[in-house]
Amino acid sequence: MAIAFLLNGESVREAAAAPSMTVLDYLRTRRHLTGTKEGCAEGDCGACTIAIGRAEGQGVRWQAANACLMLLSQLDGALVKTVEGLGQGDALHPVQQVLAESDGTQCGFCTPGIVMSLYVLQQDGAPDDAAIHEALAGNLCRCTGYRPIVDAARALCSAPRPAAPAITLPPSSTAHGAAGELHLFPDNLADLVALRATHPDAVLIAGATDLGLIPSKQRRGFPLALSTTRVAELKRIAREEGALVLGAAVTYADALPAVDAAFPAFGALIRRIGSRQIRALGTFGGNLGTASPVGDTLPVLIALDAQVELVGPAGSRWMKVDDFLTGYRATALGPDEVIAAIRLPYLAEGEQVFIWKLSKRHDQDISTVLAAFRVRIADGVLVSLTAAFGGMAERAKRARALEAVLTGAPWAEAPPEGIAEALASDFAPLSDHRASAAYRRTAAANLVRRLHLATTRPDVALEVHTL
């Protein structure tokens, strides 16, 4: 009933700690590796960043992850590296050395997390400035400013890539039980469905980037949980005729190349979902199953007319994502079913997709309003439109009144009249700490006007980002 992993090169078999204990708590209280810090305990600041390695081909793929949101059971079969595992004796690791020489650290609280993000970035080769920004977007520093940290990243990544040592991966476990908890790791979809039918109250664990807040912030564990991460059928990425199919346990990071190729605007949005640390763990099925009204992928899936596959003891059934979402954090998933896959139809000839996310920060922030549009324009007329919004209702929803007003309307000159009125018919947004209802209504209407500008004046730069 123990889980096995390598921690800074040491083989560990953990049988006593609760499976729901956060990796951060485990490292600090059980292993006394206190270099990994707790800043926010919710995956925003990056002070707890560690490196997780898993088999890929003949080698190991390293990814940065937030230890504050990871459950101990998620380390099964993995390689784990913390800041203590980088240097040798009194000698600093090159990442630590270049950060010190670039004056990239002051108080030092955030530094271990930045070091680990740079360590993972170093394994990727020689990235450009955009990749450096993306790699560091999940690490907040309140002392130095970011210029010396970025300078350190540039210097580090221009140096020769270090040779990877040979590593033997630890064996995987089928279960981890301790402290009154039991987490199970089925290897295939049939076993997962059988366990789900037997234990309908069990928590399904995929990336845990949302569920991880429960043990991290509320200090409550999961007595019984089923992990999806080892189910091969849920990890597939298939480029089928007419559609891209993503298994429910496919992470944002793993899906990004395929999504970029098929839907570039969706790929750009995915790069704004959390940080690299979050995208290494977060899954499409998890985001869909959580059914948050501000879940970033959900309006896009609706606009793309995506379908979700649900599998249970009675077999498989497909339904549109728009029908699957039934209310606030509510879905049509049966108590004995699991989300198996998501099917995203490719665009028809002449169709375009536009996706815009409004939030207080560009990186690492939850949407205030998110709009996704699938459009086809011909001869100055908006021939077809599917529009979906997040942050405007109790769930992500289509704007059907807006679609009715705009479809068939002249589109070459000015935006048609009636946009605000149609959106008022579609949505009654709430006021909260992110924005007022009035702001959301105005912002949504302005995003429709932005759609008009983007499709009629492609020479106008709508977004400018600098590093």
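Which residues of strand β6 point one way, and which the other way? I began my notebook with that one. Ala 175 and Gly 177 point one way from β6 (residues 175-178), while His 176 and Ala 178 point the other way, and all are buried. Buried means under 20% relative accessible area, with exposed over 50% and partly exposed in between (1.4 Å probe, protein chains only).

A note on the source: this is a predicted model, where local features need pLDDT of at least 70, side-chain atom pairs count only at pLDDT 80 or more, and totals for chains, interfaces and linings use all residues. Residues are numbered from 1 along each chain as its sequence is written, and side-chain values use heavy atoms, leaving out hydrogens and water.

I followed β6 to its antiparallel partner β7 (residues 181-184), and 4 bridges join them. Strands are DSSP runs of E, at least two residues, and helices are runs of H or I, at least four, numbered from the N terminus; two strands pair if DSSP finds at least two bridges between them. His 176 has His 183 as its bridge partner in β7. The hairpin leaves 2 residues between the strands, and Ala 179 in the turn has a positive phi of about 55°.

**The cysteines.** I looked for disulfides (cysteine sulfur atoms within 2.5 Å) and the count comes to 0. Cys 45 is in none; its nearest cysteine sulfur, that of Cys 40, is 3.8 Å away. Cys 45 counts as buried, at 10% relative accessibility. For Cys 48, the closest cysteine sulfur is in Cys 68, 3.7 Å away and so too far for a bond. Cys 48 is buried too, with a relative accessible area of 4%.
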